[in-house]
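Me: I'd like a close look at just one part of this structure. Could you walk me through it slowly?

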Amino acid sequence: MELYQTLQSLVTSNNLSWKFLIPEYSLLFFFLLGLFIDLFFKNKKWITVLMLVGVSFSGFLTFQQISASIEIQQLFNGMLVLSNKIIVFKLLITLVVCLFIIFASTDDRIKKQNTAEYFYLAPLFLIALNMLCMSAHMLTIYLSVEMVSLFSYGYVALSIKDKSNAESGMKYILFGLLASALLLYGISLMYGFAGTLSLQDPHFLAWFAKAPMPIIALSIGLMMAGFLFKIAAAPFHFYAPDVYQGTSSTTLVLLSVAPKIAGYALFANFLGFFSFKIFNQVLFWPMYNWETFLSVIAIMTLVIGSFVALSQTNIKRLMAYAGIAQTGFLLMGLIGYTSIGVIALLFYLLAYLLMNTAAFMLISYFEQQHEAYELADYKGLVRKSPLASILLVVVFASFIGLPPLVGFTGKFLLFSASYQAYVASANPAILITIITAAIASIVSLFYYFIIIRNMFMQEATWVKVNKEEQNILYLLVLPLILAIIYFGILPSNIISYIQSIIA
Amino acid sequence: MNNWLSILIFLPIAAALILLLLPKRASNVFRPVTIVISLLQTLIATYLYSQYLKNPQGYHFVERADWINLNLGTFGRLNIDYFLAVDGLSIGLLLLSAFVMFIAAIASNEIKKDPKAYYTLFLLLSAAIMGVFCALDFFLFYVFYELMLLPMYFLIGMWGGPNREYASIKFFLYTLFGSIFMLLVMIGLYFSVIDPVTGEHTFNMLYMMDAANYTKDSYFSIFSTDALLFHYPVRFLGFIVLFIAFAIKIPTIPLHTWLPDAHVEAPTPVSIILAGVLLKIGGYGIIRICYGIFPEAAIYFSYWIGLIGVVSILYGAFIALASTDLKRMIAYSSISHMGFVILGIASLTSEGVNGAIFQMISHGVLSTMLFYLVGVIYLRVQDREIAAFRGLAQPMPRYTLFVVIAFFASLGLPGLSGFIGEAFTLIGAFKSASVNALLPRGFAILASVGILIGAAYFLWTLQRMFFGAPRFKGAQEWHLKLKDLTATEYLVLIPLALITILLGIFPSLLFDASNNTINAWVHETWIHGIANLKSMQSLLKF
């Protein structure tokens with residue numbers, strides 16, 4: 001009789017849960033539609049438009065899911081969770097995928113390869129990323145991490161043109177496999193000692209706390225390996241420069257941002273299972289020193305990203321290391337796991353999305369227009385493409401955190417959040433993180449301005465110019481730049497909105 | 001109409017946007033537009049100055065509006081105001097800035113490359129400078145402060161001399177180093193200070209200056225019993241960080257090394273802006289922010305601040321004496337003269353601080369004149385080695401007249417503006433020993449030695465370059481090139497020379513505006529500083 005009741009409650013929960021996955025169904029539908037058109041029709045140019053419609057539509061459906069309460073919805077007996085916070089993460093990712101599809105449709109190199117899968121895989125990738133944001137059970141975490149990795153490998157492989165790309169694809173896969181093996185091992189340890197796979201199980205923390213201290217540290221550390229790989233944080237950042245260098249800038253618009261946002265969503269959820277909110281104060285699970293752990297990771301990531309970026313000669317490798325440094329900044333939002341920290345994280349993710357997308361669009365433009373791949377190729381480019389060069393200055397200034405651009409507002413919020421976390425816990429590791437982040441900002445000036453200096457202050461050695469100007473690019477980049485400036489000067493509305501729905 | 005300050009700030013931004021939209025062909029309108037805009041700014045600033053003199057105390061032309069206002073749930077609200085106002089401390093510097101920008105715009109006739117980009121950046125810089133002097137919200141101040149960096153970087157880096165890349169990034173890195181840490185202190189202050197009206201945290205500088213507005217257990221509170229960081233009071237660390245940020249800007253020893261490089265590489269108008277305005281922001285920041293917010297630390301460290309000032313005076317003067325490049329010599333003389341500003345502030349006497357403000361304005365005018373004069377000969381023969389010229393007075397007698405005025409004013413000849421500033425700061429430094437016992441008398445004596453060395457290098461340069469029989473490195477060719485002043489050059493130099501003389505004879509033109517504010521400021525800094533220091537010493541036991 002008891003078994004019957006349990007089964008019945010399971011079924012009821014499942015039945016109630018299906019409707020929360022409507023955006024994912026619509027994505028699946030559009031993916032199948034794209035696949036169908038690709039197989040049976042000759043004219044494939046509609047796939048792009050269709051996918052854009054599909055992804056935007058799923059974004060609309062996701063937006064509709066924002067609920068009045070900030071309660072966390074348990075789906076499928078706690079396999080997945082959904083809350084307004086997760087919906088914001090999902091919306092950000094959807095925005096990235098939309099921008100990617102629009103931008104990829106302007107890329108001639110993709111048109112020449114005639115690869116429709118480039119576009120109809122996007123909805124499927126988005127499903128994987130959404131699942132990653134929502135997963136709340138060790139199994140779903142592992143499955144969605146793997147699913148995201150799989151599509152990432154696919155996208156790297158799709159943009160392969162020569163052997164060097166094949167090498168970077170291979171490195172990506174090998175590192176990814178290592179990370180997921182570590183993740184799986186961490187999960188198995190955690191399962192072994194906690195006795196449950198569900199992170200939401202009320203007994204999970206109590207049981208897990210009985211494990212020996214080294215085991216707790218080891219299993220969390222191993223699981224973190226998988227997460228850190230996804231957000232490209234030290235010490236699991238090694239793949240990023242090689243992958244960036246070997247992958248086309250168009251693909252990087254997607255790959256440099258989307259998995260990172262999903263990784264942060266997962267990270268934030270995961271921390272949520274290890275923290276308690278008591279009288280508006282967030283307390284971490286006392287068995288594990290999350291603040292110190294996150295601070296150390298952030299410091300390592302900031303230092304490695306910033307200082308190695310200084311010595312790069314290739315624009316994409318530089319952007320990869322700069323991206324690692326940015327990861328360090330983003331981690332600052334999670335250190336205290338305060339509500340202001342999460343808001344700062346979400347806002348900086350939005351900023352990062354705008355800046356990185358614009359940056360890679362412009363880098364792609366310079367690649368196509370002037371065959372500029374190395375930093376030295378950027379010499380004197382302002383003479384050939386003044387507008388694009390000025391736009392790149394705005395993007396880089398925002399990355400560095402100069403007001404009144406969105407990067408500054410984001411960094412300001414992150415610094416404020418860490419300061420609050422420091423005041424609340426008086427943990428010196430957080431203070432060191434803040435100071436390291438300040439120094440990393442200064443160093444970032446140096447490496448971003450190597451490019452600016454080359455563009456504006458040096459004479460061109462040789463510059464190839466492909467004749468046709470890509471006006472369509474400006475149509476894409478200019479709105480992003482305007483958003484960078486707008487959210488820098490007037491961030492109130494968007495932050496208030498995020499705040500009102502998540503806290 | 002009560003939004004004059006906004007007009008002053010946003011007029012150049014609007015003009016910059018219009019310039020951006022103009023086609024590149026219209027290259028001959030860029031400079032006139034910029035000149036007209038900066039003339040308008042100067043007129044507005046003059047009007048504001050005259051209005052201020054009618055009732056020279058308190059804050060005038062106040063503008064206040066919500067800018068960023070966020071509800072952060074349990075963390076209360078994030079309030080950032082658009083808060084502008086001027087008082088006796090900033091009104092003079094505001095007028096100086098507008099005027100120097102006007103002169104720099106006229107002096108920009110040597111810029112031939114990319115006029116569109118140049119004047120757009122110029123106007124953007126102008127807006128940021130006006131904003132810095134008007135902002136009373138720390139966040140707003142910071143935004144304007146950082147907004148100056150990018151235009152300045154490009155102005156030095158794109159239109160500068162052969163070593164411009166190095167000089168421009170050095171300038172940028174030094175300033176950013178100071179300002180990033182200033183951001184951290186700013187955030188710390190924000191979370192410590194409560195707006196007494198609304199009960200929310202605030203960036204309002206005026207609230208930060210009142211010890212009563214700090215929440216009791218916050219890090220920057222005077223009444224906190226555990227506000228120590230690395231066993232050192234947090235308020236002292238905050239003061240040191242802010243002081244370093246502004247000391248880089250002034251610049252003082254040992255943070256000065258970016259200045260000679262930047263000056264040597266920058267084109268004449270940019271040098272004028274750099275020396276005439278940007279250095280003043282350092283002095284202004286120390287008076288308004290460092291001393292205003294942390295009076296007890298200012299008193300506690302006054303000996304060291306005074307020492308830094310004295311060392312800057314002497315070191316700058318000695319290096320200037322040894323310089324072989326005329327522009328480098330003037331750059332180091334700037335460091336020396338700005339040392340008097342620090343010394344005057346450190347004395348915390350009415351004479352000293354009034355003198356510091358006078359010295360800043362006087363130096364703004366004089367350095368504008370000096371750098372323009374260097375530009376005049378550099379434009380003719382592309383050389384400014386002191387040794388390359390001899391007997392310049394013969395081919396260029398009128399030019400020499402202006403050089404003599406500028407040099408004598410700089411070395412502190414009575415009757416010219418430099419004398420008043422230096423004399424008052426020295427009086428302040430002398431008086432300090434008997435009034436508040438902050439600075440030893442020896443500082444004032446050493447600083448006077450600095451004036452002596454200043455006289456030596458200016459007179460020696462005058463003798464080497466201008467007197468005697470003409471003999472130039474470029475021989476006959478230079479004789480033809482070294483023509484006397486043109487109409488534009490007169491247009492720049494005559495008002496500058498007149499102002500120097502006028503301020504030297506009627507120093508009350510400036511003192512009338514600053515005196516009330518500074519007297520009150522000195523009094524409050526002293527009273528609050530001593531009270532805070534006592535409270536902190538008893539609570540923190542350091």
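Which residues in helix 3 of chain A meet which residues in helix 6 of chain A?

Reply: Some ground rules to start. This is a predicted model, where local features need pLDDT of at least 70, side-chain atom pairs count only at pLDDT 80 or more, and totals for chains, interfaces and linings use all residues. Residues are numbered from 1 along each chain as its sequence is written, while chains are lettered from A and ligands numbered from 1 in the order in which they are written.

Now your two helices. Helices here are DSSP runs (H or I, at least four residues), numbered from the N terminus. On the helix 3 side you have A:Ile47, A:Thr48, A:Met51, A:Gly54, A:Val55 and A:Ser58, and they meet A:Phe119, A:Tyr120, A:Ala122, A:Pro123 and A:Leu126 in helix 6 of chain A. Being in contact means that C-beta atoms, placed from the backbone, lie within 7 Å. Sort those contact residues by class and you get 8 nonpolar, 3 polar and no charged. Nonpolar covers Ala, Val, Leu, Ile, Met, Phe, Trp, Tyr, Cys and Pro; charged covers Asp, Glu, Lys and Arg; the others, Gly among them, are polar.

How do they lie? Helix 3 spans residues 45-64 of chain A and helix 6 spans residues 117-134, with their axes 8 Å apart and at an angle of about 15°. That makes the two helices of chain A roughly parallel, a word for angles under 35 degrees. Axes are lines fitted to C-alpha atoms over the stretch in contact, and angles run from 0 to 180 degrees between N-to-C directions. Helix 3 of chain A also passes helix 6 of chain A in a left-handed crossing: the near helix is turned anticlockwise from the far one by less than a right angle.

For contrast, take A:Gly192, in helix 8 (residues 163-194) of chain A. A:Gly192 counts as exposed because it has 11 C-beta neighbours inside 10 Å, and the cut-off for exposed is 12 or fewer.

Note on methods:
Parallel < 35°, antiparallel > 145°, perpendicular 65-115°, else oblique. Contact = placed C-beta atoms within 7 Å. Buried ≥ 20, exposed ≤ 12 C-beta atoms within 10 Å, placed from the backbone.
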